[in-house]
Amino acid sequence: MTSSPRVDAAPAPAGAASVRPMAARAVGLRKTFGRTVAVDGIDLDVPAGSVLGMLGPNGSGKTTLIRMLLGLTRPTAGAAELLGHPIPEESARALPQVGALVEGPGFHPFLSGRENLRRAAATEPLLGTGEIREAVDAALHRVGLGDAADRRFRGYSLGMKQRLGLAAALLLPRSLVVLDEPTNGLDPAGTRDVRQIIAELHAGGATVIVSSHLLAEVEATCTHVAVLQAGSLVAAGELNALLATGTGGLEITTPDVELALRTLRGAGATAYRAERSPAEEQAVVVGDDGPAAPEVIALLVRAGVAVHEARRSRTNLDDLFARLTEEPS
Amino acid sequence: MTSAVLTGESLSAPHNAPLGRLLAAELRWVLRRPRTLVMLGLFALVPVLISIGVAVANRTPGPGAGLIGAVAGNGLVLPVAAMTLALALLLPLAVSMAAADAIAGEAAHGTLRGLLIAPVGRLRLVAMKAFGVLVVATLATLALAVMGVLAGLVVVGGADGQLVTLSGTAVSLGDALARVALVVIWTVWQLAAVGAIALAISSFTEHPLVVLASVLGGLIVFGVLSAIPALEWLQPYLLTSGWTAGADALRDPLPLDNMAASSLRALCYVAIGAGLTIHRMLRRDA
């Protein structure tokens, strides 16, 4: 958690990242449906071994971007690459090592969960015919569906369907796992399980791309973040770096709010009252553009303001996300 | 470690699941679908119902008409009659149902995505799906033929286990069964033509009903067109215009020219359907 604040919310340059192998890469990727621009020229590098959280409001192009990366949709312009192979030209080389859950779990209602998985396993190039039964059992247990495996998919709850989709992505060890809204319809225990699975995959050296609108999930599990808005990438980079850019300056907890604001504004600093509930201690926030932190505190102490606490305010991803995707008015 | 996974494995790894395994999985999927089984059961019932109808009608005086009339007292006509009757609408319905489920149905369930991500190569996917449709066509036709022979011999009986041809001669049981087999092969090939077109439509939509409606609508339009005398020049191009050739198997000596001509026509439809399906599936979004 080094906090050397870098104040650029622009997409992170690929400079340092290009040295490491890329698990996925988008270069000027663009997709239009008629007049609608779903994805508008996205450049994105996903370093191998990272866990990339893809954030964005509904309709921001997350799924379309993922579909292009997987070769399910041809881009209107630009190029996609998966595990070093151009997509869709060399899909057959990359995709065997890729597990994916895209746009919800797709299974046949008249087959049991186990039968559905067996069918999926039969199409996996890297799975030996003799290994199918074992792989299916292992995947079912991994997602907690062992007991419901022989019930028809038709009767599964939304969460169970989601778990089965996850199981299909985890049928064999993967280099890259792509999960599109994996926690959809899951109860808190299921959400915890998904977090656990992502952590296991990460620990095993796999790359994970997970799209979500549950920001807390992304903040808890990801090393990298890409934020999309209206088809454009508005921020991308390491989670820590992005969090650091979210500093709102210095947050000073004090009972003498009025005095503090007067003093700071008199010294030419941007200062405003922090939003607090009445139960909490009052605080002011000082912008980065004015005097430096030691100076601010010295000013306040000299003016007789009781400084109870001073800290860099780190916005969490929620604030960052809200800020980045807000329409500028 | 990750770089080893990235480069080492991907170069040596097989890029396709074995074709036999794919076909087996498809077969399993087709045969586990309840509607396939119900449909096959119904096809098995068709010759039985005809045989009962003929047996009952036989007790009342008055000659039966057409192919069904020829079944009376001549059981080995039944399988050929059943296949010829079913080819008009029932068999194409079964085949287009299978083709509708094969691609449009998979797309509607979101399972087409899974197949493409696995990945099943797009050409292999077409092969796998064509195989599934052909299996349904074959099983449905066989259900008609096998139950037709059985019901014909048991319920209708007649002619000392021989087949009396429409030309009035009698042929042996073995010869008759060979003729039934010939009609089975010819019928399946005609259905392959229907299936190829249905798959092509299926590859353009994710609504299975569109496939059913198009194929059945198309057959009806073909029927209407062939009934208009001014459009007689159109006859050689209509798949359905050769569909009475199956009854030729009941003539002696066996005339093969109609069956050959309609088989050639079916080949053209298969080529067009397969071409369109492949063209579309190589580009289709999932």
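**Figure 1. The contact between chain B and chain A.** In this predicted model, the contact draws 34 residues from chain B and 35 residues from chain A. On the side of chain B that touches chain A, at least two residues come from each of helix 1 (2–12), helix 2 (19–32) and helix 7 (111–117) of chain B. When the residues of this side of chain B are sorted by type, 18 are nonpolar, ten are polar and six are charged.

**Figure 2. Chain B and its elements.** Chain B contains eleven helices and two strands, and, read from the N terminus, its elements follow the order α-α-α-α-α-α-α-α-β-β-α-α-α. The C-alpha trace of chain B extends over about 85 × 45 × 30 Å along its principal axes. Chain B has 286 residues, of which 45% count as buried. If one takes the contacts in chain B between residues at least 6 apart in sequence, 78% of them join residues at least 24 apart.

**Figure 3. Helix 6 and helix 9 of chain B, seen where they pack.** Two packed helices are described by the angle between their axes and the distance between the axes. For helix 6 (residues 90–109) and helix 9 (residues 173–204) of chain B, the angle is about 35° and the axes are 8 Å apart. The crossing of helix 6 of chain B with helix 9 of chain B is right-handed. Helix 6 of chain B contributes residues including Leu91(B), Val95(B), Ala99(B) and Ile103(B), while those from helix 9 of chain B include Leu191(B), Val194(B), Gly195(B) and Ala198(B). Among the residues of this contact of helix 6 with helix 9 of chain B, twelve are nonpolar and four are polar, with no charged residue.

Figure 4. The secondary structure of chain A consists of eleven helices and 14 strands, and 46% of its 329 residues count as buried. Of the contacts in chain A with a separation of 6 or more, 70% are between residues 24 or more positions apart. The domain assignment divides chain A into domain 1 (22–244) and domain 2 (249–313), and the centres of these two domains of chain A, taken over C-alpha atoms, are separated by 45 Å.

**Figure 5. The open sheet with strand order 2-1-4-5 in chain A**. This sheet of chain A has four strands, and their pairing is antiparallel. Strand 2 (36–47) and strand 5 (85–87) of chain A stand at the edges and have a single partner strand each, so one side of each is left without a neighbour in the sheet. From one strand to the next, the twist averages 25°. Eight bridges join strand 1 (residues 22–33) of chain A to strand 2 of chain A in the antiparallel sense, and within this part of the sheet Ala26(A) stands opposite Leu44(A) in strand 2 of chain A. Helix 1 (residues 62–69) of chain A packs on the sheet, where it touches strand 1, strand 2, strand 4 (77–82) and strand 5 of chain A, and its direction makes about 120° with that of strand 1 of chain A.

**Figure 6. The open sheet with strand order 12-13-11-14 in chain A**. Four strands of chain A form this sheet, with antiparallel pairing, and its edge strands are strand 12 (271–273) and strand 14 (309–312) of chain A, each of which pairs on one side only. The twist from one strand to the next averages 20°. Strand 11 (residues 250–253) and strand 13 (residues 283–286) of chain A pair in the antiparallel sense over four bridges, and Ile252(A) has Val284(A) in strand 13 of chain A as its bridge partner. Helix 9 (residues 257–266) of chain A lies across strand 11, strand 12 and strand 13 of chain A, and it runs at about 165° to strand 12 of chain A.

**Figure 7. Gly287(A) and its surroundings.** Gly287(A) is found in the loop between strand 13 and helix 10 (293–302) of chain A. Because Gly287(A) has 14 C-beta neighbours inside 10 Å, it counts as partly exposed. When its neighbours within four places in sequence are left aside, Gly287(A) is in contact with Gly249(A), Ala269(A) and Thr270(A). Ala135(A), by contrast, is 152 residues from Gly287(A) in sequence and 55 Å from it in space, C-alpha to C-alpha.

Key: Residues numbered from 1 in each chain as written. Chains lettered and ligands numbered in written order. Predicted model: local features only at pLDDT ≥ 70, side-chain atom pairs only at ≥ 80, totals over all residues. Pairing = 2+ DSSP bridges. Axes fitted to C-alpha atoms, helices over the stretch in contact; angles between N-to-C directions. Contact = placed C-beta atoms within 7 Å. Domains from an automatic or database assignment. Buried ≥ 20, exposed ≤ 12 C-beta atoms within 10 Å, placed from the backbone. Left-handed = near helix turned anticlockwise from the far one by under 90°. Nonpolar A, V, L, I, M, F, W, Y, C, P; charged D, E, K, R; others polar.
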